[in-house]
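The sequence and the structure are shown first, and the description follows.

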Amino acid sequence: MRLWLERAVIGLNLCPFAKAVHVKQQVHHAVCRATDAEPVLEVLRAELLALQASDPEVRETSLLILPEGFADFVDFNELLVRADRLLRKSRLEQEFQIASFHPDYQFADAAPHELSNYTNRAPYPTLHLLREASIDKAVQAFPDAAEIYEKNMATLEQLGHAGWAALGLGESLGTPPQANS
């Protein structure tokens, strides 16, 4: 995951705010080996409370990495719905939001191997816990978020599937569909 963060997210500048928190070691990496939703949601709740209790100068953001479960993207999306529900029920939706990454991430309007999907592809299913205050600061620094998406698309188009694969981040992250022969 650190390689993905360094080579893709930071290296390709997919998120212009990631480098600073990474360099300052303010990104917490939590690994949950559970394969069912309930234990993952328990760990998620604990990670949200730990992030809430932490000084942002020490822990700005957290990645909850799920290396052994939720390989199916549909199952992962169902988990994400439950994670967002937990955020609301815990009354933390004003403080945090959850972004998602998955090896087979696919936007609703995109084909599986369109490069736009790669902006949210990571080696493992991952829930990214973000502070709303940090997002507000980021928006002030970079008010037109659409420009980030457009720049990312141009970067990925220029890189192409072969360039993404050359980052060495895992087979599902860079393997374009095989032609039928």
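## Report on the predicted model

Q94 is placed in the loop between helix 4 (73–89) and strand 3 (96–101). The model is a predicted one. With a relative accessible area of 66%, Q94 is exposed. Between the C-alpha atoms of Q94 and M153 there is a separation of 30 Å, and the two residues are 59 apart along the chain.

M153 is one of the buried residues of helix 6, which also include I148, N152, T155, L156, G160, H161, G163 and W164. Helix 6 spans residues 145–166 and has 22 residues, yet its end C-alpha atoms are only 28 Å apart, short of the 32 Å that a straight helix would reach at 1.5 Å a residue. At G160, helix 6 bends by about 90°. Just after helix 6, G168 takes a positive phi of about 70°.

Confidence is described next. The chain has a mean pLDDT of 90, and 93% of its residues reach 70 or more. Among the elements of the chain, the highest mean pLDDT, 98, belongs to helix 3 (residues 37–53), while the lowest, 52, belongs to helix 7 (residues 171–174). The pLDDT is below 50 over residues 174–181, a stretch that has nine contacts in the model beyond near neighbours in sequence. Where pLDDT is low, the predicted coordinates should not be read in detail.

The count of salt bridges comes to three. They are listed below.

| Salt bridge | N to O distance |
|---|---|
| E68 and R33 | 2.9 Å |
| E38 and R82 | 2.0 Å |
| R59 and E47 | 3.7 Å |

The side chains of E68 and R33 meet in a salt bridge. This pair links distant parts of the chain, 35 residues apart: E68 is in the loop between strand 2 (61–65) and helix 4, and R33 is in the loop between strand 1 (27–31) and helix 3. E68 is partly exposed at 46% relative accessible area, whereas R33 counts as exposed at 51%.

A salt bridge also joins the side chains of E38 and R82. E38 in helix 3 and R82 in helix 4 are 44 residues apart, and the pair links distant parts of the chain. E38 is partly exposed, at 44%, and R82 counts as partly exposed, at 31%.

R59 lies in the loop between helix 3 and strand 2 and E47 lies in helix 3, so the pair ties together parts that are 12 residues apart in sequence. Both R59 and E47 are buried.

The count of disulfides comes to zero. Of the cysteines, C15 is partly exposed, with a relative accessible area of 28%, while C32 counts as buried at 6%.

Definitions and conventions. Residues numbered from 1 in each chain as written. Predicted model: local features only at pLDDT ≥ 70, side-chain atom pairs only at ≥ 80, totals over all residues. Heavy atoms only, no water. Disulfide = S-S within 2.5 Å. Buried < 20%, exposed > 50% of the residue type's maximum accessible area, 1.4 Å probe, protein only. Helix = DSSP H or I, 4+ residues; strand = E, 2+ residues; numbered from the N terminus. Expected span 1.5 Å × (residues − 1). Bend = angle between axes of the 7 residues up to and from the residue. pLDDT = per-residue confidence, 0-100. Contact = heavy atoms within 4.5 Å. Salt bridge = Lys/Arg side-chain N within 4 Å of Asp/Glu carboxyl O.
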